[in-house]
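Please keep the 3D view open as you read.

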Amino acid sequence: MSHTLNAALVGYGFAGKTFHAPFLSTTPGLSLSWVVSRDAAKVQADLPGCRVGSLEEVLSDETVALVVIATPNDT
């Protein structure tokens, strides 16, 4: 029996877009379901169908099992 974990990515700058999003999107057992970003159009262009919202929306979604934070250290 396989189980898929819904993941969220906080930050869609260089690290989020180049490293974390591809990993979360292609790793068996993980599904990238949310991205927190100020630029929803950029996320949707790269990841059609992925939800883009606020951190509060991500944290209130009980289906999210994993949150990857890819923001600058001061945030």
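This is a predicted model: local features need pLDDT of at least 70, side-chain atom pairs count only at pLDDT 80 or more; totals for chains, interfaces and linings use all residues.

1. Is D61 buried or exposed? D61 counts as buried, because its relative accessibility is 14% and the cut-off for buried is under 20%.

2. Now look at the partners of D61. Its side chain is joined to that of T63 by a polar contact of 2.6 Å, and a polar contact of 3.4 Å links the side chains of D61 and R51. Leaving aside neighbours within four places in sequence, D61 is in contact with W34 and R51.

3. W34 also belongs to a separate, second core of six residues, which includes A8, V10 and V36 as well.

4. The largest nonpolar core has 13 residues; L9, Y12, A21, L24, L32, V35 and L47 touch the most other members. Two or more residues each come from β1 (5–10), α1 (14–26) and β2 (30–36), with β2 giving the largest share, three residues. In soluble globular proteins, nonpolar side chains tend to be buried together.

5. Which residues does L47 touch, leaving aside its neighbours within four places in sequence? They are Y12, A21, S25, L32 and V35.

6. Finally, turn to the surface, where L55, L59, V67 and I69 form a nonpolar patch with about 370 Å² of accessible area together. Both α3 (55–60) and β4 (64–69) supply at least two of the patch residues. L59, in helix α3, is exposed, with a relative accessible area of 61%.

Note on methods. Residues are numbered from 1 along each chain as its sequence is written. Side-chain values use heavy atoms; hydrogens and water are left out. A nonpolar core is a set of buried Ala, Val, Leu, Ile, Met, Phe, Trp, Tyr and Cys residues joined through side-chain atoms within 4.5 Å. Buried means under 20% relative accessible area, exposed over 50%, partly exposed in between (1.4 Å probe, protein chains only). Helices (H or I, at least four residues) and strands (E, at least two) are DSSP runs, numbered from the N terminus. Contact means heavy atoms within 4.5 Å. Patches are made of residues with over 30% relative accessible area and no salt bridge: like charges are joined within 9 Å, nonpolar side chains (Val, Leu, Ile, Met, Phe, Trp, Tyr) within 5 Å. Accessible areas come from the Shrake-Rupley method with a 1.4 Å probe; for residues, only the protein chains shown count as cover. A salt bridge is a side-chain nitrogen of Lys or Arg within 4 Å of a carboxyl oxygen of Asp or Glu. A polar contact is a pair of N or O atoms within 3.5 Å; within protein, one must be able to donate a hydrogen and the other to accept it, and residues adjacent in sequence count only if both atoms are side-chain atoms.
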